[in-house]
Amino acid sequence: MLRCSGLVHLIHLTRVCRRGGGAGMRLGSSWRWQLSRAMRLTLRWCRPHRGGRGGGTKPWISGRFLDLWSYSKLLLKSLYFNSLTNSDTLLDCAFEPVYWIVDNVTRWFGVVFVTLVILLTTSVVVIVYLFVIPMILSTYPVYWIIWHLCCGHWLLVMVVFHYYKATTTSPGHPPKDNIHIPSVSICKKCISPKPARTHHCSICNMCVLKMDHHCPWLNNCVGHFNHRYFFCFCIYMTLGCIYCSISSRNMFMEAYNAIESYYQTPPPTETYTDTTAHKSIIFLWVLTSSVAVALGGLTLWHVILISRGETSVERHINCKETKRLKEQGKVFRNPFHHGRMNNLKILFGVEKQSHWVTRVLLPSSHPPSGDGIMWDCIFNRRGPMAI
């Protein structure tokens, strides 16, 4: 208090001197006026800022920093789309260039992957017709010849049919002109109603009914209307690779031993046709065995998902929901799980026993059950439920 009163008294003296008319006072008025101005500014900065919570006081500097921090938070929150969004929207905006590059590269790679599948499948078929089938016809008994011809061509037809249908069939999209469809949320990208089990594909840039994933090997999304084609393609391609690998194992061992003998001294006298046949058989066996292992694991994973009534996207969502409800002492139940066998029947469209032959073991283009918008939930049923 003494310091403040002294400063005020000094300011008062400088004002009096500045108003005085003596010549001697004019010489010192300049620096005294500058000193009084600096003291006034210092007192203004140190003056307490009233208006805090509960009638308290807080320094003016800290108040300015708090106001600046509040304004910064308000500015960040203003970048959100609406009150239903969160900070993930800001991250999406920041990484939008990265997402755009990945999506476009994946879209172009889809064409390359489809071409690669066609070329590799064609090469396997050509090798089988040129080298494997002649060996079967010349050395195997009649019943084995009939078995190999029937089984091999049946697998080939099923693989080609389901791959063509999976790549050319639309997975299904919500109708944009109908705003009264049953929906559970609004898509932030399409700004349209999103029905249950529907998710937005950033590569296709549209919502997909019962989306499972975007498959670059199909250059198409796997959804409600082509999920069965994709799953059957995985099954029959795995079976076809296993069949080729087992059927050509003896030829592979002979070709491998023949290739090793090429490095002996002197090398064996092999014709160009024999050398090409040996290398083709090795290529056939390595390719089919590798695809059988890799695609077999993927097929087994989809069998587990389908038996649980889930898609690949729903698997991640259900795991998070199960963990969240477990912390609250509750148990999560998948509303689209109708029992393991019933889930398979729903996917394959099996309504009676004969459909296992006409719709599963033979090529069939029947549509799936339902429209992909309305779903039969177990919570809507009465009586005992198969879980």
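Residues are numbered from 1 along each chain as its sequence is written, and side-chain values use heavy atoms, with hydrogens and water left out.

Confidence comes first. The chain has a mean pLDDT (the predictor's confidence in each residue, from 0 to 100) of 81, and 74% of its residues reach 70 or more. Over residues 48–57, pLDDT stays under 50, and the model has six contacts (heavy atoms within 4.5 Å) for them beyond four places in sequence. Where pLDDT is low, the predicted coordinates should not be read in detail.

Next, the helix pair. Helices here are DSSP runs of H or I, at least four residues, numbered from the N terminus. The axes of α5 (residues 96–139) and α6 (residues 142–168) come within 12 Å and cross at roughly 170 degrees; the axes are lines fitted to C-alpha atoms over the stretch in contact, with angles from 0 to 180 degrees between N-to-C directions. α5 is therefore roughly antiparallel to α6, a term for angles over 145 degrees. Among the contacting residues are Val-125 and Tyr-129 of α5 and Leu-149 and Leu-156 of α6.

Now the cores. A nonpolar core is a set of buried Ala, Val, Leu, Ile, Met, Phe, Trp, Tyr and Cys residues joined through side-chain atoms within 4.5 Å; buried means under 20% relative accessible area (1.4 Å probe, protein chains only). The largest has 47 residues, and Val-132, Leu-218, Tyr-236, Ile-281, Leu-284 and Phe-348 touch the most other members. α7 (227–247) is among the elements giving two or more residues, and α7 gives the most, with 11 residues. A second, separate core of five residues includes Cys-201 and Val-208.

Finally, two residues. Is His-302 buried or exposed? His-302, in helix α9, is buried, because its relative accessible area is 3%. Beyond four places in sequence, His-302 touches Asp-212, His-213, Phe-230, Phe-231 and Ser-312.

Arg-308 lies in the loop between α9 (272–307) and α10 (312–327). Arg-308 is partly exposed, at a relative accessible area of 36%, the term covering values between 20% and 50%. Arg-308 and Phe-336 are 28 residues apart in sequence, yet 8.4 Å apart in space, C-alpha to C-alpha.

Note on methods. This is a predicted model: local features need pLDDT of at least 70, side-chain atom pairs count only at pLDDT 80 or more; totals for chains, interfaces and linings use all residues. Angles under 35 degrees count as roughly parallel, over 145 as roughly antiparallel, 65 to 115 as roughly perpendicular and the rest as oblique.
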